[in-house]
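Please open the structure in your viewer and keep the selection tool at hand. The tour below goes from stop to stop, saying what to select and what is there.

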Amino acid sequence: MRRRAPLLLALWLAAAAALSLAPRALWSLRSEPSRQARILSDYADIGELLLHRVPGAGSGAVSTFRMPAVGFLAAALVSHQRVSWEAFALLAQAAGVLLLCALCALLCAGGSAWGPALAGLALLARPGGLGDPDLAHCALPVLLVAGLLVWRARETSWKTTVLLAAGIGVSLLHRSTLAFFAPLLAAGELLGRRRPWPRSAWRQALVLALAPYLFLAPWMGLNWSLHGRFIPFEHGAASSNIVAGALGLEETVEGEAVSLTGGSSAGILGWAARRVLAHPGQYLGACGRRLFLLVSWHPALFLFAAAGWWLGRRRRELGHLALLAGYFAAVHCLMAVSPLYFQPLWPLLLALAVGGGASAGAAGLPRMGPGWALWAKAVLGTALAAALVFAAVLSGAMAAYPSAARLSGARLQERYEKELRGSPGHAWLYGQRAAVRLAQGDSAGAAADLARAVELAPQERRYQLLLAWAQWLSGKPAALQDWSFASAEVSTAGSTDLRARVLRAYAQAAAGRLDRAREELRAARMLEESLVVVRGGRSPRSAAVLDELRRASGAVIVAAASELLSRRPIAVRLALLPLLAEALPGRPLPFAGPWLEDAATADPRLAEGALGRLPPFIFDGAARRRLSGVFARLPDQAASRRLLAGLARFHDRDPAVRLAAAAAAARAGARGAALREIELAESFGLDREGTLEAALLYAELRAADQARRLYGRLPRLRARDAAQAVRLAGLEAVVGDSAAALRRLDSAGVRSADRSLVLAAAGLYIELGRPERAQELLGGLGSSDPRVALARARLAAGRGDRAGALRELGLAEAASDDPELLCAAATLYAGLEELARARSLVDRLSRRPALDGAAALKLASLAAARGWRVEALRCLRRAGAAPAPADQVVSAALLYQRLGLHGESLRLLDRAAAEEPGNARCLSARGVAKALLGRKEEALADLRGAIRSDPRLLESYLSLGSLLGGREALAVYEQGLAVVEPRDANVVSLLRRAREELAGRKKDSGKAGF
């Protein structure tokens, strides 16, 4: 009887494999031969990119949605070795059977033949026990780890520990399911030992817990190089299941579940944790229902596995195998599940049943010989060696890919030509090159490539759609308009039809038929809603989630528009943008910001018109911040401020938009407007980043008190780069922390390549009393730049070198035509008492036809301060005639008052008040002008209006009190001194002195406080 034991075991295992795999495999091949291709083709894209070393179309990088092993293997076998998808699936099934046989052989070696009988009963209870044959590859890494785990449990040593760690590491390149198993196993083994632990025990545990993650180093390096982020596993692949699980659903959903969190996939885990803590009973109940659902899928198999574990509960290898099976089930039951996720679990349960049965010494059955263990170890060792070779090849491909991902232009075309010469019948390569050509605007070349791809792979509808799109771009619209819609089921066909709808909508918009474009987008939205499914959705909770998901659907529409339309003419994209917002109500569109950036760069008026047609929800917070920063940096300052005002119209409480508007106003010389925008941003609430930006802007505007107030709220500041380091040093200099500013400047690493940054750093060094450092920085810039000459002139003037300063000023004046720089030169001439040269320069600049308002105002201020009335009036007329912000107009009006021309001053102030009726500075200045013209009642009304508009503008209290006199004036002064945060400490002193003089008290005006 003993001699027949190996034959008996082989028969049982062959029967198990036949019963579990053959019927379903034959059925799938007979009914739908392309099913495997549909399942694995998405996986293969990442492998194709790594094998061919070409940039991916669209993002230009390898996707992080899946781990690379399966895709790389599928691409290598199917595309390069000409293995059919059906043969690939059958190879995976055969490998799975072989690994399962090896696992069972290890468990049965030396035990009873009752185990194989128990396995056969389990399979007879439910044929197909190993799951879907098309996804047999999912079980391979887990089966390999299970075999190595049992081997190590039987023979714990350094060799088996290293082998198990390597097996787990290889599995992580396939999927991240076992990401926490190695530390869990190591901790369990240590805690199960008696203390003190032997040195070899904790060293082995440490190797087992950490070594598997070394296999992820190439993957993490690839992601860091391409995406600039630390991504150790799949990124976003489980987001939908995590959200559905936190919401209390048992099974998975087809749809964009991330939209139910109100954010992006980056904060999914935090959102899920908060949701679970808020509804722990609902979540735990859902976990229990998932576990019950899991058991209900294979109840007989679970029963036999539990019986097997009980029978062999004293065997260490069965305990380790049960831990692996329990870990696998528990990890998945924490989120929404699908039967497909448990493909690797069924063989583990079968092996538990086999091993437990072998532990029970049934009478009359033979014992299994130890030779089975040697055979199993040989199989597992060979499988691990092959897996390690594959992992090494894959790691090499990942290490080599970043340089290929940066290919562009002629070098990229050369790479495609080389790859196509080696694989002339490869449809994927033609499709990828066509996508690159479409992005570059070569529609004719793309159409030729896509025609070849369709010829080689006629079943691929994505190539057919891209061919129709390329033909439309080439002036042949028939193919796109006659597109045949295939189905509305959850499949590649449904996704392709959605993309076709979006492309047809763009084509209608380009032809000016906006109503038809709207109809296409409406049909696309209805199609995508029909694709949303909540599996097992019979409960009221599932129905509610389904309704919400359908309302939030639109991910495929958004992806198609972003990928295929981003390089199309900007005018047509902007015409389509409101229609996309209408088809996806309440949904931010990630491409809306970049499209408006393109428009603002090409034609600010086009962007301004588009802003007026868009709904507020179309931008999320990140897009608004980026867009406002782009608007603030536009060279056309007037357009910049108009666009920021348009953005603020429907995001008026967004601090980021207000801070960007403040930056634009500061750049335009409108200090008062900039200060008001920063204060508005503060009133809406600033996060840490916003507080820092507000403090930096206050520092640049020389509002020391406000900058100091915000600076005190910030923790220790770290600069991202040299540019931010210089800005932070400027903030520290303004708030009075000179030592910190100097330390930051010294460590900023400013390089002469960025002249503007060097000049800013040199200016700060001069301000902080370190002219020698400023000289060192400026010395590396050469003498041809007039900005450098002006900075050296300031440096020479600061150290008393008048001749050197005049020499450098002459160089700057001769080399520059920039009014702002020449205005600064005139100011420095005046400071050096070279009044003739300063006046001559002011006169010359004031006659220029292209002098803008801000430069004219600066020249007028300089001329008025020196008593050059003719030049001052000429500059003021130029400043008043040019379009300018209200604050700039007010400054010009105040200069007219200084020159005694109160009528001209009032005319400008009336214009500024009409543009900004609530501008407190304008109302205050107009009240003064009217008072000087003898219109006291009107002056009183304007001054009181200025106080109502901005209680912190203390000049209004001072002017109003001087008009009123007596007790009324005293009350006004007291009201002004009661302001919590006044803007100007000098005006506070004047206000206090006026109050004291009026009250007849003589107090020391230098005392602090009110």
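Select helix α30 (residues 621–632) together with helix α32 (residues 655–667), which pack at an angle of about 10° with their axes 8 Å apart; they are therefore roughly parallel to each other, a term used for angles under 35 degrees. The axes are lines fitted to C-alpha atoms, for helices over the stretch in contact, and the angles run from 0 to 180 degrees between N-to-C directions. Helices (H or I, at least four residues) and strands (E, at least two) are DSSP runs, numbered from the N terminus.

This is a predicted model, in which local features need pLDDT of at least 70 and side-chain atom pairs count only at pLDDT 80 or more, while totals for chains, interfaces and linings use all residues. Residues are numbered from 1 along each chain as its sequence is written, and side-chain values use heavy atoms, with hydrogens and water left out.

Now show the side chains between the two helices: Arg624, Arg625, Ser628, Gly629 and Ala632 in α30 meet Ala656, Val657, Ala660, Ala664 and Arg667 in α32, where contact means heavy atoms within 4.5 Å. The residues of this contact divide into 5 nonpolar, 2 polar and 3 charged; Ala, Val, Leu, Ile, Met, Phe, Trp, Tyr, Cys and Pro count as nonpolar, Asp, Glu, Lys and Arg as charged, and the others, Gly among them, as polar.

Next, select Leu647, which is found in helix α31 (residues 637–650). Is Leu647 buried or exposed? At 0% relative accessibility, Leu647 counts as buried, meaning under 20% relative accessible area, whereas exposed means over 50% and partly exposed lies in between (1.4 Å probe, protein chains only). Leaving aside neighbours within four places in sequence, Leu647 is in contact with residues including Arg624, Ser628 and Val657, and the C-alpha atoms of Leu647 and Val657, 10 residues apart along the chain, are separated by 7.2 Å.

Move on to helix α34 (residues 688–700), whose 13 residues reach 19 Å from the first C-alpha to the last, close to the 18 Å expected at 1.5 Å a residue; the expected span is 1.5 Å times one less than the number of residues. Among the buried residues of α34 are Gly690, Leu692, Leu696 and Tyr698, and what covers the buried residues includes α32, α33 (671–684), α35 (704–711) and α36 (722–734). After α34, look for Arg702, whose phi is positive, near 60°.

Another positive phi, of about 55°, belongs to Arg53, although Arg53 is not a glycine. Arg53 sits in the loop between α2 (35–52) and α3 (69–80) and is partly exposed, with a relative accessible area of 32%. In helix α3 itself, select Ala74, which counts as buried at 0% relative accessibility; the C-alpha atoms of Ala74 and Ala44, 30 residues apart along the chain, are separated by 5.7 Å.

Then select helix α9 (residues 199–210), where the buried residues are Ala201, Gln204, Ala205, Leu208 and Ala209. Seen down the axis of α9, these buried residues fall within an arc of 130°, so they line one face of the helix; the arc is that of the directions from the helix axis to the C-beta atoms. What covers them includes α6 (140–154), α7 (158–172) and α8 (181–191).

Finally, zoom out to the protein chain, which has 52 helices and 2 strands, and of whose 1010 residues 52% count as buried.

Terms used. Angles under 35 degrees count as roughly parallel, over 145 as roughly antiparallel, 65 to 115 as roughly perpendicular and the rest as oblique.
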